[in-house]
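Please consult the sequence and the structure while reading.

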Amino acid sequence: MKKTSLLFSFLFLFISFGWSQIRLPKLISDGAILQRDAEIKIWGWASPNESIELHFKNKIQHTEADSEGNWYFILGPQMAGGPFEMEFVGNNKITLRNILFGDVWLCSGQSNMELTMQRLKDQYPNVILNSNNPDIRQFLVPDRYDFIKVQKDFEEGSWKEANPENILEFSGVGYFFALDLHKKYKVPIGLINAALGGSPVEAWMSEEALKPFPEAYKEHQKYKDLTLIAEIEAKDEARQKSWYTELRAKDEGMTQNSEWFLDNTDDKGWKEMQVPGYWADQGLDSINGSVWFRKHLDVPAQMSGNEAKLWLGRIVDQDYVYFNGVLVGGTGYQYPPRKYIIADSLLKKGRNTITVRVINKQGQGGFILDKPYFLSVANDTLDLKGNWKYKLGTEMKPLEGPTFIRWKPGGLYNAMISPLIDYKIKGVIWYQGESNTQNPREYFNTFPALIKDWRQQFQIGNFPFLYVQLANFMEPADEPVESNWASLRQAQLEALTEPNTGMVVTIDLGEWNDIHPLNKMDVGKRLAQQAQKLAYMETKSSLNPIPINYQFLKTKVKIEFSEAKGGLISNNGAPLKYFEISMNGKDFVKARATIEGNMVIVDSEKVTNPTVVRYAWANNPVSANLYSKSGLPATPFEIKKE
């Protein structure tokens, strides 16, 4: 009895002691940037009714935790600057160091916001080299979802200063945005990076905001069932495992001791194919499975014995790359650029062999066009485009993709946004929409609903909400076409009716063959220009021209643009392109468009009573050339006669 009683007492004391430790959210930690010039909430958890002190700037504030252990302080507005220390004293003591006050921006959306400086290191090597700046910091929110309840804290995370090592984890768009603001205003800039590739807008909405959208709300309720999630994940895993097991067993190129990646493989009887290119276009049909590619190259003496870089563009879907029979790398899905390092011991004078095992799970397999394919040592480069030998390893049935539960409605809001709604921010920058292009009509309602939802949740008024309109992507079209990407851009344009919103146009910054264009510097700069106007009240900030007034006349349409005080221009001096006009809203023809100051006059000999006019209405309106004199492209749009 005595031992039991003693053990019980020990456990009671242990539990009580554990509960008595004051604790701060991950966001409020060493190196944090807190919002300047505003009352801010500093909060945390402790034992019920525990007394807590905050020591800051030689002043002491007192508070007491409530019956559930929640506590907070309200800190008065602070000027930009630092570093400072904060000390929290309860039954234990926490000291925060290196705290700054500046402007805090939430960076959210999908992969184009998530895309890191690591991915851009070859694009901006000098930017990364010169990135030492303790006044620019990022908090990377861990990728999590939760359908059952809103989370109060993140499982992990810390503030990191910009420097050549840390910068590789920063959002590229976010960093260039912060860099421009810091150069102009000389105040610390904090980035909260809460973005996840592939995520639709519904994933970022709260449960309450989803209620007006029955299908999304129903799906949110469905995935509250943890048993269902476990079953789906188990089925997905089993299906993937079975497919890959069968693939390996059937792949002739993986026969033990005679694998096709071996240096002595006899490929004299293999057929040839142009790389880059899709194999469906070159005699192999639209098969799924594995196809092996080999290329022999002659390496000159000055390149041999050195470390080399092997660039293989992008490959659909998956690849394993061998150099002289040695595995040098592989990538599991189609979007990342293929950049592999060849060790100096592998690169020899004379004949060398590159072997690529390409696995395609569904759709067209192959090597993406207009991407870099070369082997380099310093300034010496060997071009790898041209004829490669190939042989089919095995044909497979298409592999059904996974369910991507993390993208389901409401899950990302609960786990990645809810924990930070008490953290005062300056505003939001948002880059998302690609994942909603299959149903753009819904985006006309869901995107404004998200903006309203976040503003309601943060309860700091109509903070600046700045977003990126979809870039140009896929092959250009010469004739008028319907386009889901154009329709979603229109939804983004119409969201500007929400107060204090700003939109960046990027139809000149995309890449036809890559949903992740690399020019993130100009995207960040254009977002900073929007911030200068909406968050910092700059009246001279240059923005994209946007139609604000229009007149449908008998044979033509007059359109007036904002941000065109100095007049509009054709950026290449050629006649304006990508204007279309229609009498019935269904059949469109190319239209003539002329500039008159800040107006554009649109007409066509084929249309006598226009009711709809469009500009840059295509997935990739790459030749659209209506610009402001400050060098920014006008937004794509559709205007209908009322």
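The sections below take up confidence, sheets, helices, cores and backbone geometry in turn.

## Model and confidence

The structure is a predicted model. The protein chain has a mean pLDDT of 95, with 97% of its residues at 70 or more. Where pLDDT is low, the predicted coordinates should not be read in detail.

An open sheet is formed by 6 strands in the order 11-23-13-19-16-17, with antiparallel pairing. Its edges are strand 11 (271-275) and strand 17 (326-331), each of which pairs on one side only. From one strand to the next, the twist averages 30°.

Strand 21 (residues 373-377) is mostly covered, with 5 of its 5 residues buried. In a regular strand the side chains alternate between the two faces of the sheet. Tyr-373, Leu-375 and Val-377 point one way from strand 21, while Phe-374 and Ser-376 point the other way.

Strand 21 has antiparallel pairings with strand 14 (residues 308-312), over 4 bridges, and with strand 22 (residues 380-383), also over 4 bridges. Trp-311 stands opposite Phe-374 of strand 21, and Leu-375 stands opposite Leu-382 of strand 22. The hairpin of strand 21 and strand 22 has 2 residues between the strands, and Ala-378 in this hairpin takes a positive phi near 55°.

Strand 34 and strand 36 share 4 bridges in their antiparallel pairing, and Val-613 lies opposite Ile-639 of strand 36.

The loop between strand 33 (599-603) and strand 34 (612-615) contains Val-607. Is this residue, Val-607, buried or exposed? With a relative accessible area of 5%, Val-607 falls under the 20% limit and is therefore buried. Val-607 touches Thr-555, Ile-581, Ser-582, Met-583 and Val-589, leaving aside residues up to four places away in sequence. Asn-584 is 23 residues from Val-607 in sequence, and their C-alpha atoms are 9.9 Å apart.

## Helix 4

Helix 4 (residues 172-185) has 14 residues and, at 1.5 Å a residue, should span 20 Å; this agrees with its end C-alpha atoms, which are 20 Å apart. Helix 4 is mostly covered, 10 of its 14 residues being buried. Among the buried residues are Tyr-175, Phe-176, Phe-177, Leu-181 and His-182.

## Nonpolar cores

The largest nonpolar core comprises 100 residues, and Trp-430 and Trp-454 have the most contacts inside it. Helix 9 (residues 440-458) supplies the largest share of this core, 8 residues. Apart from this core lies another of 38 residues, including Met-113, Leu-191, Leu-509 and Leu-534.

Most residues other than glycine have a negative phi, and most peptide bonds are trans. The peptide bond from Gly-82 to Pro-83 is cis, with omega near 5°, and Pro-83 belongs to strand 6 (residues 81-89). Another cis peptide bond joins Val-275 and Pro-276, with omega about 5°; Pro-276 is in the loop between strand 11 and strand 12 (277-278).

Asn-49 has a positive phi, near 65°, and is located in the loop between strand 2 (40-45) and strand 3 (51-56). At 46% relative accessibility, Asn-49 is partly exposed. Phe-404 also has a positive phi, of about 50°, and is found in the loop between strand 23 and helix 8 (411-417). Its relative accessibility is 30%, so Phe-404 counts as partly exposed.

Notes:
Residues numbered from 1 in each chain as written. Predicted model: local features only at pLDDT ≥ 70, side-chain atom pairs only at ≥ 80, totals over all residues. Heavy atoms only, no water. Buried < 20%, exposed > 50% of the residue type's maximum accessible area, 1.4 Å probe, protein only. Pairing = 2+ DSSP bridges. Core = buried A, V, L, I, M, F, W, Y, C linked by side-chain atoms within 4.5 Å. pLDDT = per-residue confidence, 0-100. Axes fitted to C-alpha atoms, helices over the stretch in contact; angles between N-to-C directions. Expected span 1.5 Å × (residues − 1). Contact = heavy atoms within 4.5 Å.
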